[in-house]
Amino acid sequence: MMATLQAIKYNDGQLEILDQLLLPESCTFIPICKVEDAWAAIREMKVRGAPAIAIVGCLSLAVELRKLAVPESKEELCRMVKEKLDYLVTSRPTAVNMQLAAESCVQLCARLSDNTLLSVAEAKGDIVKHLEATLANDVADNRAIGEHGACDITKKNATKDKLRIMTHCNTGSLATAGYGTALGVIRSLHAASKLDQVYCTETRPYNQGSRLTAFELVYEKIPATLVCDSMAAAAMREFKMDAVVVGADRVAANGDTANKIGTYQLAVLAKSHDVLFYVAAPFSSIDFQIPNGHSIPIEERPHSEMTHTGSTRTAAAGINCWNPGFDVTPAELITGGIITEKGVFKPDQLAPHQ
């Protein structure tokens, strides 16, 4: 199988990302030279997907720190790191991965600051190593998610030779460091010769499915069919789906899951058609500080995403719009389970494994 797309390139303090706004027409990489560049790229959705947001944010800080002269004290270093990380967290508030990555790095700073045997230069080096490790760690986690998910779906459909899977938004190499979460599960099924067809929704209004997921599936020659969001129920009935597998931007402690708008309706439809519904996400997407989905902040996107296609207006001028970027799927609708790098769990089984 052809190698997966690489959307994040990092080498020796140099960071470039694939500008996803230009896909599928153009594969153009843009440099990220500082934290402000990363914030803008994340906010403008040149990079998107909860894992990728955290990776690009962390690596942008690593780029800055590598260029930074050694501060006079570890306290000054840690204060600067915290300020940069707090700023990055504001770029996309629903995705929890950046927030958790920031908290992890701040905790490291506190330990380094307390270590009197460590110089400021050594502390700076340790922080950079910690930030740079996010890239390799994400790829390893994604491959584990893919294998766990493919195994579970195959086991629960043991009487079938080939499986039909529906997915939503983009959860592949373009949304992660590589391989993907929900799309990683699909890749693993395909590699095991267990995939008949994947059905990807176009994912209005930003079309991450038709622009990005379809691009990845065609690139890797995975058998796939694109459907409009409004065709999902008809497709489930017509093609007899075996599972729906989606990603997650944040999972609450009880398993309620925030994901791209349109996920909730797919879960409702899957329940109605007796189709297994899975969420695939790294453990870093689970926010155990939030008890349920009611507490997950939902980002409101610009109305122009609904009213325009590129620069062309496609909706009546003056119409009011509601454009939440995400919705929350209740835990009870996640009938297949939550697929993580640690295994597949029912929503109420997450807490003991944190």
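Mentor: Helices (H or I, at least four residues) and strands (E, at least two) are DSSP runs, numbered from the N terminus. This is a predicted model, in which local features need pLDDT of at least 70 and side-chain atom pairs count only at pLDDT 80 or more, while totals for chains, interfaces and linings use all residues. Residues are numbered from 1 along each chain as its sequence is written, and side-chain values use heavy atoms, with hydrogens and water left out.

Trainee: Which element supplies the largest share of the lining of the largest pocket?

Mentor: The general idea comes first. Rolling a probe the size of a water molecule over the atoms shows where empty space is left. On a 1 Å grid over the protein atoms alone, a cavity is a set of points where a 1.4 Å probe fits but cannot get out, and a pocket is an open set with protein on both sides within 12 Å along at least five of seven lines; lining residues have an atom within 4 Å of a point. Grid points are joined across faces, edges and corners, and a volume is the space filled by probe spheres set on the points. In this structure, helix 5 gives the largest share of the lining of the largest pocket, 7 residues. Helix 2 (50-67), helix 4 (97-114), helix 5 (120-156) and strand 11 (286-287) each contribute at least two residues to that lining.

Trainee: What is the volume of the largest pocket, and which residues lie nearest its centre?

Mentor: Its volume is about 630 Å³. Of its 27 lining residues, Asn-97, Leu-100, Ala-101, Ser-104 and Ser-284 lie nearest the centre. For classes, Ala, Val, Leu, Ile, Met, Phe, Trp, Tyr, Cys and Pro count as nonpolar, Asp, Glu, Lys and Arg as charged, and the others, Gly among them, as polar. The pocket lining has 12 nonpolar, 9 polar and 6 charged residues.

Trainee: How many cavities of 30 Å³ or more does a search of the whole structure find?

Mentor: The search finds 2. The largest cavity has a volume of about 190 Å³. It is lined by 24 residues, and Arg-48, Gly-49, Ala-50, Asn-170 and Asp-249 lie nearest its centre. Helix 2 and strand 9 (257-260) are the elements that give two or more residues to this lining, and helix 2 provides the largest share, 3 residues. The lining of the largest cavity divides into 11 nonpolar, 9 polar and 4 charged residues.

Trainee: At what angle do helix 2 and helix 4 pack?

Mentor: Two packed helices are described by the angle between their axes and the distance between the axes. Axes are lines fitted to C-alpha atoms, for helices over the stretch in contact, and angles run from 0 to 180 degrees between N-to-C directions. Helix 2 and helix 4 pack at about 40°, with their axes 8 Å apart. Helix 2 is therefore oblique to helix 4; angles under 35 degrees count as roughly parallel, over 145 as roughly antiparallel, 65 to 115 as roughly perpendicular and the rest as oblique. Contact means heavy atoms within 4.5 Å. Here Ala-50, Pro-51, Ile-53, Ala-54, Gly-57 and Cys-58 of helix 2 meet Asn-97, Met-98 and Ala-101 of helix 4. That contact has 7 nonpolar, 2 polar and no charged residues.

Trainee: Which residues of helix 1 and helix 3 meet?

Mentor: Val-35, Glu-36, Ala-38 and Trp-39 of helix 1 meet Lys-84, Tyr-87 and Leu-88 of helix 3. This contact comprises 5 nonpolar, no polar and 2 charged residues. The axes of helix 1 (residues 35-43) and helix 3 (residues 74-89) come within 9 Å and cross at roughly 15°, so the two helices are roughly parallel to each other.

Trainee: Where are Pro-24 and Pro-205 found?

Mentor: Most residues other than glycine have a negative phi, and most peptide bonds are trans. Pro-24 lies in the loop between strand 2 (14-18) and strand 3 (29-31), and the bond from Leu-23 to Pro-24 is cis, with omega near 5°. Pro-205 is in the loop between strand 5 (195-201) and helix 7 (208-219); the peptide bond from Arg-204 to Pro-205 is cis, with omega near 5°. Cys-169, in the loop between strand 4 (163-167) and helix 6, has a positive phi, near 60°.
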